[in-house]
Amino acid sequence: PGFHIKGNLNGHGLRIAIVASKFNHNVTSSLLEGAREGLLTHGLEERDIAVAWVPGSLEVPLVALEMARTGRWDALVCLGAVIRGETAHFDYVAGEAARGVASASRETGVPMAFGILTTDNMEQALERAGGKWGNKGYDAALTAIEMANLLRLLRGMES
Ligand code: INI
């Protein structure tokens with residue numbers, strides 16, 4: 001009952017950029033593979049996918065913001081791996097990455113899927129980058145498609 005508005009997973013004709021972090025590259029390269037697979041198997045063309053590499057997850061929000069401001073992309077996929085290890089740095093990097101991506105998305109109105117893993121150790125990260133818990137890069141790609149389509153629907157609605 002009621003009126004449902006839902007974005008579908010048809011990526012045909014969408015343009016989506018990926019912002020990928022080089023830090024923990026063994027993990028993020030698998031996330032990127034998953035994200036590209038998610039986009040390509042849902043109808044995006046290779047030429048409508050761009051990848052921007054940043055040094056670490058802390059650098060993702062600024063580049064995502066700049067890419068969103070170009071107006072060229074229907075959605076962004078943000079990829080990274082913040083691994084706790086021994087350092088208190090973790091909380092700052094993970095917190096700022098999440099806050100920064102969320103705020104860049106709301107500021108520009110361009111949906112940004114959060115595919116930045118935050119785990120206690122490398123094993124947990126790898127389990128989520130093509131291991132037993134799937135590939136969060138792939139999942140983030142589908143989120144980006146669904147959100148791009150949902151916003152397109154919402155913005156096309158007449159009062
Ligand atoms: N960046 C990450 O993406 N993952 C991490 O686990 C990480 N750790 O552990 O420090 C990390 N730090 C680098 C950070 O993102 C910035 O690149 C750096 O602080 C320079 O601004």
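Contact, as used in this tour, means heavy atoms within 4.5 Å. The structure is a predicted model, in which local features need pLDDT of at least 70, side-chain atom pairs count only at pLDDT 80 or more, and totals for chains, interfaces and linings use all residues. Residues are numbered from 1 along each chain as its sequence is written, and side-chain values use heavy atoms, with hydrogens and water left out.

**Stop 1: helix 2**

Helices (H or I, at least four residues) and strands (E, at least two) are DSSP runs, numbered from the N terminus. Buried means under 20% relative accessible area, exposed over 50%, and partly exposed in between (1.4 Å probe, protein chains only). Select Val60, Pro61, Ala64, Leu65, Met67 and Ala68, the buried residues of helix 2. They lie on the same side of helix 2, because they cover an arc of only 165° around the axis; the arc is that of the directions from the helix axis to the C-beta atoms. Next display strand 1 (16-21), strand 2 (49-54), strand 3, helix 3 and strand 4, which are included in what covers these residues. Just after helix 2, select glycine 71, whose phi is positive at about 75°.

**Stop 2: helix 3**

Move to residues 89-108, the 20 residues of helix 3. From first C-alpha to last, helix 3 reaches 28 Å, close to the 28 Å expected at 1.5 Å a residue; the expected span is 1.5 Å times one less than the number of residues. Select the buried residues Phe90, Val93, Ala94, Ala97, Gly100, Val101, Ala104 and Ser105. Their arc of only 140° around the axis puts them on the same side of helix 3. They pack against helix 2 (60-69), strand 3 (75-83) and strand 4 (112-119). On the other side of helix 3, select Tyr92, Arg99, Arg106 and Glu107, which are exposed.

**Stop 3**

Within helix 3, centre the view on serine 105. Serine 105 counts as buried because its relative accessibility is 16%. Leaving aside residues up to four places away in sequence, serine 105 touches Val110, Pro111 and Met112. Just after helix 3, glycine 109 takes a positive phi of about 75°.

**Stop 4: the lining of the largest pocket**

A pocket is an open set of points on a 1 Å grid over the protein atoms alone, where a 1.4 Å probe fits, with protein on both sides within 12 Å along at least five of seven lines; lining residues have an atom within 4 Å of a point. Select Phe23, Val82, Ile83, His89 and Val93, which lie nearest the centre of the largest pocket among its 13 lining residues. Strand 3 and helix 3 are the elements that give two or more residues to this lining.
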